[in-house]
Amino acid sequence: MLRAAYRIAWKDVVGDFRRRSTLSAMLFFAIAVLVVFQAAFEPDRQEATRLLPGLLWVTVLFTSLVGLGRVFQAEEEDDAFEGLLLSPMPRGILYLGKWWGNLALTLLVEILLLPCMLVLFNVDAWDRLHGILGILLLGTLGLTGLGVLLAALTRAARARETLLALLLLPLVVPLLIAGVQATGIVLTQRGDLGPWLQLLVIFDVVYLAMAPWGFGWLVEE
């Protein structure tokens, strides 16, 4: 069954590379946001270190919304979503495939985004890059896990991107706060990282445990 989820994810990622749609849109959007932030604040190195965690997670959040709004776009354009539902695979496996595909694209954007951000804001944190990427991974698991579920809920709506943002933003605020705090502690190397990591893991477990069940219920309705 997991092989079926892998094939769905592979189809989404390879299809997006061929169309150059979601990944390029997310990447250009993220870079545009960073340039605007840098031009607006023009921080010195100390101020940039203080601002970077918040700016990073705001950029990740809005970039994720760009990708989540297109999770089911290919199936909707080709009227293929009903065909996926008619397949014998469990709905949870279908959810896993769509989530893995979106997760791979989002993580790829983050891996490219973080070095650009350190260079643009002139923050010397290259020795802490792996720690920040680890926190981004933890936060992205929950963010995309819940986001794909809500993308399924709003896929047939006329203003689905707006509705998706309205539903997702309030629900991920605690996760974003934990991500910002944990990233700030890694950057400054001051403070207790443990409680924020535990909070990120708890949100990941809750979102990812409920999302496959919720996805099955949504598509059946």
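A cavity here is a set of grid points where a 1.4 Å probe fits but cannot get out. The views below show a predicted model.

**View 1. The largest cavity holds about 60 Å³ of space.** A search of the whole structure finds 2 cavities of 30 Å³ or more. Lining the largest are Leu68, Gly69, Val71, Phe72, Gln73, Ala151, Thr154, Arg155, Arg160 and Leu164. H7 and helix H8 (160-188) are the elements that give two or more residues to this lining. By class, the lining residues of the largest cavity divide into 5 nonpolar, 3 polar and 2 charged.

View 2. Two or more residues come from each of helix H3 (45-68) and H6. H6 gives the most, with 4 residues. The lining of the second largest cavity has 4 nonpolar, 3 polar and 1 charged residues.

**View 3. Helix H6 crosses helix H7.** H6 covers residues 91-120 and H7 covers residues 129-154. Their axes come within 9 Å and cross at roughly 145°. The crossing of H6 past H7 is right-handed.

**View 4. Side by side, H6 and H7 meet through a list of residues from each helix.** From H6 come Tyr95, Lys98, Trp99, Asn102, Leu103, Thr106, Leu107, Glu110, Ile111, Leu114 and Leu118. From H7 come Leu129, Ile132, Leu133, Leu136, Leu137, Thr140, Leu141, Thr144, Gly145, Leu146, Val148 and Leu149. The contact of H6 with H7 counts 16 nonpolar, 5 polar and 2 charged residues. Lys98 and Glu110 are the charged residues, both in H6.

**View 5. Arg50 forms a salt bridge with Glu47.** The closest N and O atoms of Arg50 and Glu47 are 2.7 Å apart. Both residues lie in helix H3. Arg50 and Glu47 are 3 residues apart, about one turn of the helix. The cut-off for such a pair is 4 Å between a side-chain nitrogen of Lys or Arg and a carboxyl oxygen of Asp or Glu. A search of the whole structure finds 5 salt bridges, this pair being one of them.

Note on methods
Residues numbered from 1 in each chain as written. Predicted model: local features only at pLDDT ≥ 70, side-chain atom pairs only at ≥ 80, totals over all residues. Heavy atoms only, no water. Axes fitted to C-alpha atoms, helices over the stretch in contact; angles between N-to-C directions. Left-handed = near helix turned anticlockwise from the far one by under 90°. Contact = heavy atoms within 4.5 Å. 1 Å grid on protein atoms, 1.4 Å probe; cavity = no way out; pocket = protein on both sides within 12 Å on 5 of 7 lines; lining within 4 Å. Points joined across faces, edges and corners; volume = space filled by probe spheres on them.
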